Amino acid sequence: MSIFTQQDPSGEPLSVFGPRNGYSTQIGFLVSQLNWMRAVVLSRLKGRSVEELDWLPHPDANSIGALLMHLAAADVYYGLNTFDGVPWGRFSYEARKKWGVAINLGHTARVRYKGFDLQYYLTHLSEAREHTLKELSKRDDDWLMAIDPSWSWGPTNNLCKWFHVCEHESHHLGQIDLLLKQLPRRQVPDKRSLHKGQASRTALGVALRRATHQVYDASPLVLNDPIAVPLLGNRYTKVLADSEEDLYEESSRMMRAWLVARSRFAEDHLARAVGDGVRQYVLLGAGLDTFGFRNPHPRLEVYEVDHPATQSWKKELAEASGVVIPESLHFVAVDFETQKLSERLEEAGLDANVPTVFAMLGVVMYLTADAFGETLKYIADFPGKSGVIFDYAVPRDMLPADEIDARDELASRVESIGEPFRLFFSPYEVKDVLGAFESIQDVDDEELNRLYFAGRTDQLNLKGRSGHMIAAFRGSSSVT
């Protein structure tokens, strides 16, 4: 039966939006839209096997099954907020335990939601939606239009919140349709990823934004980086010039602010550590970071760790643009599929008996929990005054509502180029994994704004950013 000839649960044609028996007038209109969208999603699922529901076009994608659980979780979370008055991001432990994996998707969801038949997902979708419709039937139009002044994207009424649930379902319907088109026998070959020999494309985006900061933002610069523009050379001159078009678009401005603040935070803490006697700095996943070229500390040795393809690209850029590689900069190419980090660093001259600072800037979100844990364990074995500096992002269900779409868009973009987000932490969880470090500073966007963006004339700021910066040291006074 075509969806256009079906009826919704109240017996009305799905394709005729309007009031519904059992609901106030305006809520009825909303319910008719929710019913239509859900019916379209369900129309794609008939007869789908476990294998099809689990299938992934590449190891870091979301399966159809995981996406269906994600849709159910959205009903639950928006219900908790609008029906029960739970502020967004303050959901109970019980709710996060049951639905947190589904709402956040990623690696954990790929593991959790695998091997279940279609009925498993239909049951969760149905139970969550039945609860939504039951609660909506208890409300009136005044409730629907009631404005939440504290909603993170601005004053928002319940109608907008639930319309967003419908919009969100439409977005993921597009992903489901794409997965169905790519099922075996129609599968599109995987894009080459960093681990398959291609230089990181996210590294280029970061480098372009650092360079943009040097050219277009007001003085004083947050990050004074005289190498950022020259390193890109003639190869990326046009790309850099084109970036002016969206320079002051809000999301572009905030992303640029985040990237320069991230580097500045790391370099400020490194400078304090050097004052405490640190003589080695290891940049993990260095990409096109320029600190090693402009290192201001005469006795500091810098070790840049990255995939061979990325480092080869970086050296080519430096040579072509005439950027001099100083003797204190050591490139440590590591193929993480076949080589061990500690062994490659030792071969490059790193002394494990000397206080050392490690930095992972824009790296942790791409790691598995096991890989991150092993890296921290390795760093914790270095002597006192050693430390680690990194950024992390909170899980999707802890984001303010106005940041969710931006996170989803960014996650989709990096996943499409083979570099998906995998790892998120709450501030409480990140402290647990840093148990071996005595001094920990966890800085959020408000504190970074105070440190680096107060009084600026160019509106460069971190408004709405969910990222945190960590500086963690062993027995050191470097964290203040």
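Is glutamine 459 buried or exposed? It counts as exposed, at 57% relative accessibility (exposed is over 50%, buried is under 20%, partly exposed is in between, with a 1.4 Å probe and protein chains only). Keep in mind that this is a predicted model, where local features need pLDDT of at least 70, side-chain atom pairs count only at pLDDT 80 or more, and totals for chains, interfaces and linings use all residues. Residues are numbered from 1 along each chain as its sequence is written, and side-chain values use heavy atoms, with hydrogens and water left out. Helices (H or I, at least four residues) and strands (E, at least two) are DSSP runs, numbered from the N terminus.

- Seven strands make an open sheet with mixed pairing, in the order 5-4-3-6-7-9-8; two strands pair if DSSP finds at least two bridges between them.
- Strand 5 and strand 8 (439-443) sit at the edges with a single partner strand each, so one side of each has no neighbour in the sheet.
- On average, neighbouring strands of this sheet are turned by 15° against each other, direction ignored (axes are lines fitted to C-alpha atoms, for helices over the stretch in contact, and angles run from 0 to 180 degrees between N-to-C directions).
- Strand 4 (residues 301-306) has five of its six residues buried, so the rest of the structure largely encloses it.
- On one side, strand 4 runs parallel to strand 3 (residues 280-284), joined by five bridges, and valine 282 has tyrosine 303 in strand 4 as its bridge partner.
- Strand 4 also runs parallel to strand 5 (residues 329-333), again with five bridges; here aspartate 306 is partnered by alanine 333 in strand 5.
- Further along, four bridges link strand 6 (residues 356-360) to strand 7 in parallel, with valine 357 opposite glycine 387 in strand 7.
- Helix 12 (residues 250-275) lies across strands 3, 6, 7, 8 and 9, and runs at about 10° to strand 9 (contact means heavy atoms within 4.5 Å).

**Helix 1 against helix 8**

- Helix 1 (residues 25-43) packs on helix 8 (residues 158-181) at an angle of about 15°, and their axes are 10 Å apart.
- That makes helix 1 and helix 8 roughly parallel (under 35 degrees is roughly parallel, over 145 roughly antiparallel, 65 to 115 roughly perpendicular, the rest oblique).
- Among the residues that meet are Leu30, Met37 and Val41 in helix 1, and Trp162, Phe163 and Leu173 in helix 8.
- The contact residues divide into eleven nonpolar, two polar and two charged (Ala, Val, Leu, Ile, Met, Phe, Trp, Tyr, Cys and Pro count as nonpolar, Asp, Glu, Lys and Arg as charged, and the others, Gly among them, as polar).

- Most residues other than glycine have a negative phi, and most peptide bonds are trans.
- Glutamine 459 has a positive phi near 65°, and sits in the loop between helix 18 (445-452) and strand 9 (467-473).
- Lysine 385 also has a positive phi, of about 80°, without being a glycine; its loop connects helix 15 (369-380) and strand 7 (387-393), and it is partly exposed at 35% relative accessibility.
- The peptide bond from serine 219 to proline 220 is cis, with omega near 0°, and proline 220 is in the loop between helix 9 (201-216) and helix 10 (228-232).
- Serine 152, in the loop between strand 1 (147-148) and strand 2 (156-157), is partly exposed, with a relative accessible area of 32%.
- Leaving aside residues up to four places away in sequence, serine 152 touches Pro400, Ala401 and Asp402.
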